[in-house]
Amino acid sequence: MSRARGFTLAMGSVGLVSAAQLGMRWSMTRLPLPHEWLSASIDPSALGVVILAILAYALSMLCWLGALKHLPLGRAYSLLSISYALVYLLAASLPVFNEYFSLSKTLGVAFVILGVLVINSRRASAASPRNAS
């Protein structure tokens, strides 16, 4: 297994899915509710961001599939948690999202990151039959 390649693909998946989440959030605040789509005017830029977000989700899935080829599932899956932290930090940092930092959310994100670090800090044994290619 190429751990570096798997890690890179997993982080690509994290980045893409985080961008997709933020894009969807931004778009949904600018688009009418689905049952109003036929009668309301639709912001073309918000619709474009929705389409880009869907493409980002699809590319994220391709990265994820590649990551699974190179990393044990337990390690790869823990890396997905980074997207929760990334989305929270970006949404609370960027004024366009009108989100806020709170002690409890920040502490929760810190625990998530700590868990990812603990799970991924120990190198997988190459001799283990579970880690054989």
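Colleague: Which side chains meet in a salt bridge?
Modeller: Those of R25 and E99, at 3.4 Å from N to O. A salt bridge here is a side-chain nitrogen of Lys or Arg within 4 Å of a carboxyl oxygen of Asp or Glu. Please note that this is a predicted model, in which local features need pLDDT of at least 70, side-chain atom pairs count only at pLDDT 80 or more, and totals for chains, interfaces and linings use all residues. Residues are numbered from 1 along each chain as its sequence is written, and side-chain values use heavy atoms, with hydrogens and water left out.

Colleague: Which parts of the chain does the pair link?
Modeller: Distant ones: R25 belongs to helix α1 (residues 3-28), while E99 sits in the loop between α4 (82-93) and α5 (103-121), 74 residues apart. Helices (H or I, at least four residues) and strands (E, at least two) are DSSP runs, numbered from the N terminus.

Colleague: How many salt bridges does the structure hold?
Modeller: The structure holds one.

Colleague: What is the relative accessible area of R25?
Modeller: R25 has 37% and is partly exposed. E99, at 34% relative accessibility, also counts as partly exposed. Buried means under 20% relative accessible area, exposed over 50%, and partly exposed in between (1.4 Å probe, protein chains only).

Colleague: Changing topic, which residues make up the largest nonpolar core?
Modeller: It has nine residues: A10, V14, W64, A67, L71, A76, L79, I82 and V116. At least two residues of this core come from each of α1, α2 and α3. A nonpolar core is a set of buried Ala, Val, Leu, Ile, Met, Phe, Trp, Tyr and Cys residues joined through side-chain atoms within 4.5 Å. Another core, of seven residues, lies apart from it and includes A20, M24, L31 and V50.

Colleague: And what does L79 touch?
Modeller: Not counting residues up to four places away in sequence, L79 touches F7, A10, V14, L71, V116 and N120. Contact means heavy atoms within 4.5 Å.

Colleague: Is N120 buried or exposed?
Modeller: N120 is buried, with a relative accessible area of 17%. N120 lies in helix α5 and, leaving aside neighbours within four places in sequence, is in contact with R3, R75, S78 and L79.

Colleague: What about R122, buried or exposed?
Modeller: R122 is exposed, with a relative accessible area of 66%, and its place is in the segment after α5. The C-alpha atoms of R122 and A19 are separated by 29 Å, the two residues being 103 apart along the chain.

Colleague: Where does UniProt place the "transmembrane region" feature?
Modeller: The unreviewed entry places it at residues 46-65, 77-97 and 103-120. UniProt positions are given in the numbering used here, feature names are shortened, and annotations may be inferred rather than shown by experiment. Residues 103-120 are 100% helix and 0% strand, with end C-alpha atoms 26 Å apart.
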